[in-house]
Amino acid sequence: MSTSPAPRLMRLAIGSVAVGLGVLALKAVAWQLTGSIALMSDALESLVNVATALAVIVALHVAHRPADENHPYGHHKAEFFSAVLEGVLIVIAALLILREAYAGLMTPRALDAPVTGLALNAGASLINGAWAIILIRHGRRHRSPALVADGKHLMTDVVSSAGVLVGFVLAFASGWWWLDPVMAALVALNILWSGWTVIKGSLSGLMDEAVSDEEMATIRRVISLAASDDEALEAHDLRTRHAGQVTFIDFHLVMPGETTVEAAHTLCDRIEAALMETLPDARVTIHVEPEHKAKHSGIVVLS
């Protein structure tokens with residue numbers, strides 16, 4: 001029997017903490033060896049990674065609690081709160097880096113132990129890149145916005161680290177030590193953009209944004225095929241929203257007035273089963289209406 005998504009996601013979240021601590025240690029040593037403000041900015045971002053990984057663990061634990069009397073639709077949106085928190089922490093880290101970059105630009109200084117510092121930072125970035133790919137892949141597969149946000153942030157960290165390393169080499173080769181705080185400032189701006197992207201994506205989930213056009217087309221096709229061999233006349237007012245792994249779907253199904261309750265119920269069960277086969281975490285609500293309620297316009301999903 002396959003393991004359910006919840007334990008797998010939790011193991012990934014715990015793994016993020018372990019990877020984050022290891023990467024943070026490498027980058028902190030690189031910063032101490034070189035005195036580079038750019039490498040300090042890289043280490044500070046890794047500190048944020050650890051904090052957000054801990055937030056993801058809490059969010060996943062809450063999100064997978066079963067529905068209760070106070071939360072009849074479940075706790076799935078907890079993951080969006082985690083992603084928003086991650087975005088806020090990213091922005092705070094970027095502002096701290098900008099402050100240090102300004103101070104470094106006012107008083108540029110030579111860097112120490114460049115080869116050792118570069119090697120440690122490059123190794124940490126390779127680890128981050130590999131783990132980011134794992135998080136994004138599994139986060140998308142299991143529809144976990146918290147893990148996807150964490151993976152995207154790590155990937156941004158990898159891009160930032162690459163820029164830092166290039167700036168470090170240029171500063172050491174040319175003796176233009178002011179390049180170090182400039183690279184730190186560019187890293188901070190990149191982090192700010194990453195934070196905004198994470199917050200924006202999470203807020204859309206909190207605001208009950210509909211599923212993507214591609215997923216909507218799939219839902220419409222499934223409903224059409226599932227109901228095409230029965231007496232259903234039309235389906236309209238199709239609405240969707242997503243909350244973490246769960247997709248909520250509701251629509252009105254028009255049937256002839258003489259259809260029995262049992263027949264209508266059987267058809268609804270078949271449509272729900274088809275939707276849940278395509279979207280395992282779907283929550284479907286169908287409102288059956290008589291023929292005179294047909295709209296013949298808007299979203300008509302039956303062929």
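The buried residues of helix H7 are Glu215, Met216, Thr218, Ile219, Val222, Ile223, Ser224, Ala226 and Ala227, where buried means under 20% relative accessible area, exposed over 50% and partly exposed in between (1.4 Å probe, protein chains only). The model is predicted, so local features need pLDDT of at least 70 and side-chain atom pairs count only at pLDDT 80 or more, while totals for chains, interfaces and linings use all residues. Residues are numbered from 1 along each chain as its sequence is written, and side-chain values use heavy atoms, with hydrogens and water left out.

Helix H7 spans residues 213-227; helices (H or I, at least four residues) and strands (E, at least two) are DSSP runs, numbered from the N terminus. From first to last C-alpha, the 15 residues of H7 reach 21 Å, close to the expected 21 Å, the expected span being 1.5 Å times one less than the number of residues. The cover over the buried residues of H7 includes strand S1 (234-243), strand S2 (246-255) and helix H8 (261-278), with contact taken as heavy atoms within 4.5 Å.

Asp237 is partly exposed, at 28% relative accessibility.

The structure holds one salt bridge, defined as a side-chain nitrogen of Lys or Arg within 4 Å of a carboxyl oxygen of Asp or Glu. Arg239 pairs here with Asp250, and the closest N and O atoms are 3.0 Å apart. Because Arg239 lies in strand S1 and Asp250 in strand S2, the pair ties together parts that are 11 residues apart in sequence. Arg239 is exposed, at 56% relative accessibility, whereas Asp250 is partly exposed, at 21%.

Elsewhere, Asn128 sits in helix H4 (residues 114-141) and is buried, with a relative accessible area of 1%. Leaving aside residues up to four places away in sequence, Asn128 touches Val19, Val23, Lys27, Ser46, Asn49, Leu154, Asp157 and Val158.

Trp178 occupies the loop between helix H5 (145-174) and helix H6 (179-206) and is partly exposed, with a relative accessible area of 40%.
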